[in-house]
Amino acid sequence: MMLLIPVVAVCLFGLTMSYKVEPLPDSYAGLGEGPHWDVARQSLYYVDLEAGSLLRYDYAQNKVYKTKIEGETLAGFVLPVEGRPQEFAVGCGRRVVIVNWDGVSPSAKVVRTLFEVQPLMDKNRLNDAKVDPRGRFFGGTMRYIGDEFEFRHGELYRWEAGGQVSVIKGDVGISNGLAWDEKAKKFYYIDTTDYEVKSYDYNFETGVATNPKVIFNLRKNSPKDHLLPDGLTIDTEGNLYVATFNGATIYKVNPNTGKILLEIKFPTKQITSAAFGGPNLDILYVTTAAKFDQPAPAGTTYKVTGLNATGYPGVNLKV
């Protein structure tokens, strides 16, 4: 039976907005992450991170396909490779590998390693990653074994075809959401353990980010009540959509003022990430998790319609 959350009316600053949250069929992922909308295939790719699995939601078929990467236990993200329809860059442990998958088969294979980070940090793993509008890789690591809030041994990286991996930022707890705004010349980044979203001035020709500034703070009066920002996406008007891992909510935020424009509510707590997609790029696809014995419908992937907003498709990685 499909669970349909009725249209919700939200009034902020005197405005009324309604939206609808619906589950995608058979879309469960124990730790769903990394949603990426592929325009060419009209499909949403995402991962079940701790199962080493990739998933593809086919919009036309309204069906989810799932594959297990042979020999791998982790899949932090999935990024289609430019010009190679069956190749994807995937974060397996601390390696970025190229996986061959036809989008249908129940198994997929690693064909080569693109690069590796922190080879001696065996308690770390790659987490979220995206491709900037010019085709560069951006992604980071986190502590996988132990307390990632205490051991800030993660880093944020940049890589582009023909070049070496560059460390953009150290002292990272949980490297997470990323987004770019070409109009505003900005890069946005989340380290979950900072409880905030930062903006950077961004040079799209060089891929260099400078001048970090906190633009959205998710701290509450008591540390135990702090919201945990996770994944991130942006719409064509420059508003951010911030997923909260412990908040059952995605916050639509104006990055210029830090004001919350909309609170998008879900029937499960651990909201991990979001990406716009669909034929008109006006559907917000949302991944969730079922960690720490969260009850159903935890782990379901959702679509949100009626937001009166459009976003950007995912960018393929140039290798």
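**Ground rules**

I worked from a predicted model, with residues numbered from 1 along each chain as its sequence is written, and local features needed pLDDT of at least 70, side-chain atom pairs counted only at pLDDT 80 or more, and totals for chains, interfaces and linings used all residues. Side-chain values use heavy atoms, with hydrogens and water left out.

**Entry 1**

I looked up the UniProt record, an unreviewed entry, and found "binding site" listed for Arg125 and Asn127. UniProt positions are in the numbering used here, feature names are shortened, and annotations may be inferred rather than shown by experiment.

I placed Arg125 in strand β11 (residues 124–131), and Asn127 is in strand β11 too. Strands (E, at least two residues) are DSSP runs, numbered from the N terminus.

Are these residues buried or exposed? Arg125 counts as buried at 5% relative accessibility, and Asn127 is buried at 3%. Buried means under 20% relative accessible area, exposed over 50%, and partly exposed in between, with a 1.4 Å probe and protein chains only.

The side chains of Arg125 and Asn127 are joined by a polar contact of 2.9 Å. A polar contact is a pair of N or O atoms within 3.5 Å; within protein, one must be able to donate a hydrogen and the other to accept it, and residues adjacent in sequence count only if both atoms are side-chain atoms.

I then listed contacts (heavy atoms within 4.5 Å), leaving aside neighbours within four places in sequence. For Arg125 they include Leu49, Leu74, Gly140, Thr141 and Met142. For Asn127 they include Leu49, Gly140, Thr141, Met142 and Asn176.

Asn176 lies in strand β15 (residues 175–181) and is buried at 3% relative accessibility. Asp230 lies in strand β19 and is buried at 5%.

Which side chains does Asn176 meet in polar contacts? One is the side chain of Asn127, at 3.3 Å, and another is the side chain of Asp230, at 3.2 Å. Beyond four places in sequence, the contacts of Asn176 include Glu33, Asn127, Tyr189 and Asp230. Those of Asp230 include Glu33, Asn176, Phe245 and Ile271.

**Entry 1: Arg56**

I checked Arg56, which lies in strand β5 (residues 53–58) and counts as buried at 8% relative accessibility. Its side chain makes a polar contact of 2.9 Å with the side chain of Asp58. Beyond four places in sequence, Arg56 touches Tyr45, Tyr65 and Trp101, among others.

**Entry 2: salt bridges**

How many salt bridges are there in the whole structure? My search found 20, where a salt bridge is a side-chain nitrogen of Lys or Arg within 4 Å of a carboxyl oxygen of Asp or Glu.

Asp38 pairs with Arg41, with the closest N and O atoms 3.1 Å apart. Asp38 is buried at 4%, while Arg41 is partly exposed at 30%.

Lys66 and Asp48 meet at 3.7 Å, N to O. Lys66 is in strand β6 (residues 63–69) and Asp48 in strand β4 (residues 43–48), so this pair ties together parts 18 residues apart in sequence. Lys66 is partly exposed at 38%, and Asp48 is buried at 6%.

Glu196 and Arg219 meet at 2.9 Å, N to O. Glu196 lies in strand β17 (residues 196–203) and Arg219 in the loop between β18 (208–217) and β19 (229–234), so the pair ties together parts that are 23 residues apart in sequence. Salt bridges that share partners join Arg152, Asp171, Asp191, Asp194, Glu196, Lys198 and Arg219 into one network.

**Entry 3: cavity**

Grid points are joined across faces, edges and corners, and a volume is the space filled by probe spheres set on the points.

I found one cavity of 30 Å³ or more, and the largest cavity has a volume of about 30 Å³. Its lining is Lys169, Tyr189, Ile190, Asp191, Asp194, Glu196 and Lys198. Strand β16 (186–191) and β17 each supply at least two lining residues, and β16 gives the largest share, three residues.

Methods
Helices (H or I, at least four residues) and strands (E, at least two) are DSSP runs, numbered from the N terminus. On a 1 Å grid over the protein atoms alone, a cavity is a set of points where a 1.4 Å probe fits but cannot get out, and a pocket is an open set with protein on both sides within 12 Å along at least five of seven lines; lining residues have an atom within 4 Å of a point.
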